[in-house]
Amino acid sequence: MNRADLADLTAFVAVADQLSFRRAASRLGVTPSALSHSMRQLEERLGMRLLNRTTRSVSVTDAGLRLLERLRPAISEIAGALEDLNQERQRPVGRLRIYAIHLAASTVIAPIWARFLSTYPEVHLELAVGEAPIDIVAKGFDAGIGPHDRVPADMIAVRVMGPLKVVVVGAPTYFARRRPPRTPDDLARHICVEYRRAADGDVLVWPFERNHKSRRISVNGRVMVNETDLAVRAAVDGLGIAYTVEALAEPFLRSGQLVRVLEDWTPSFEGLYLYYPGHRQVPATLRALIDMIRTAGGSRARRSLKNPFAQD
């Protein structure tokens, strides 16, 4: 069935409903003569008369009635589907699939997902976490979140988190046995939680910055992880000093389970971006998520370093 058939069949239903070319044409937004021409073409293609008409009246033939009986449910289904799409355009509803690096999932999505889902109860959020760059369109995702260098050139990028502050933290029980470091060089006398970029990546050399002077310090310890939140957990458990992201450590700093050190030496690094294909007809669910993330205040921009936790 071609596009003309669908348009003409819809017009046939309208004529059958109104039993008037003038009223049906007004409903469809066309002229009566154009509608009459469409009906003649449809009947010629089908090789069967569907309507009896004179200058005074219109009636549906027996063949037309049989066709009409089959068409009405189908036309109703199509109209319902289009109305559902119109409703989705106006309000967030349906499945929203996001692919995010681990850090973005923890610092961008997790802090707002409870409020997002309670605000939009008809949305089903699927969050897939991975560090490898992927083709989000080919994999069926609506958007991705990561550093700016992950954003494909043909996609729209929206900053959803400004530069992230680094913190150096340890448990009060750890510092009860050792004097807190006052400079990065003091870390040589401390047990630190080492961090490896990805499962087989380089071990992080901790970058520091103060008064536009930069330092890079190699540390030693008895635990090595490749996830920033695990570094926080190791520090909470008293296994050493951790170098991590403030957003991840903040709940433990607030509760007193962690203590911040070297605060005047810790830098910020580049922010995170949500990216998606095309700038026209952005789905209402995605637009609502972007708005809520930005309302949370995570998109402020300022000077920052490259993400030290990212794999080179």
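Predicted model: local features only at pLDDT ≥ 70, side-chain atom pairs only at ≥ 80, totals over all residues.

Reader: What radius of gyration does the protein have?

Author: The radius of gyration is taken over C-alpha atoms, and the globule rule is 2.2 Å times the number of residues to the power 0.38. A compact globule of 312 residues would come out near 20 Å, but the protein has 31 Å. Its C-alpha trace spans about 100 × 35 × 30 Å along the principal axes.

Reader: What percentage of the residues count as buried?

Author: Buried means under 20% relative accessible area, exposed over 50%, and partly exposed in between (1.4 Å probe, protein chains only). By that rule 43% of the 312 residues are buried.

Reader: How many helices and strands are there, and how is strand 5 covered on its faces?

Author: Helices (H or I, at least four residues) and strands (E, at least two) are DSSP runs, numbered from the N terminus. The protein has 10 helices and 15 strands. In a regular strand the side chains alternate between the two faces of the sheet. In strand 5, residues 143–146, Ala143 and Ile145 lie on one side and Gly144 and Gly146 on the other, and all of these are buried.

Reader: Which strands pair with strand 5?

Author: Two strands pair if DSSP finds at least two bridges between them. Strand 3, residues 94–100, pairs with strand 5 in the parallel sense over 3 bridges, with isoleucine 98 opposite alanine 143 and alanine 100 opposite isoleucine 145. Strand 15, residues 272–277, runs antiparallel to strand 5 and is joined to it by 3 bridges, and here isoleucine 145 stands opposite leucine 274. Strand 3 also pairs with strand 4 in the parallel sense, over 7 bridges, and glycine 94 has valine 123 as its bridge partner in strand 4.

Reader: Which residues are in contact with leucine 127, leaving aside its neighbours within four places in sequence?

Author: Contact means heavy atoms within 4.5 Å. Leucine 127 lies in strand 4, residues 123–129, and, with those neighbours set aside, it touches Ile98, Ala100, Ala105, Ile109 and Trp113. At 25% relative accessibility, leucine 127 counts as partly exposed.

Reader: Where are asparagine 211 and histidine 212 found?

Author: Asparagine 211 sits in the loop between strand 9 (206–210) and strand 10 (213–217), and histidine 212 lies in the loop between strand 9 and strand 10 as well. Asparagine 211 has a positive phi of about 55 degrees although it is not a glycine, and histidine 212, likewise a residue other than glycine, has a positive phi near 65 degrees. Asparagine 211 is exposed, with a relative accessible area of 63%, and histidine 212 is exposed at 72%.

Terms used. Residues numbered from 1 in each chain as written. Heavy atoms only, no water.
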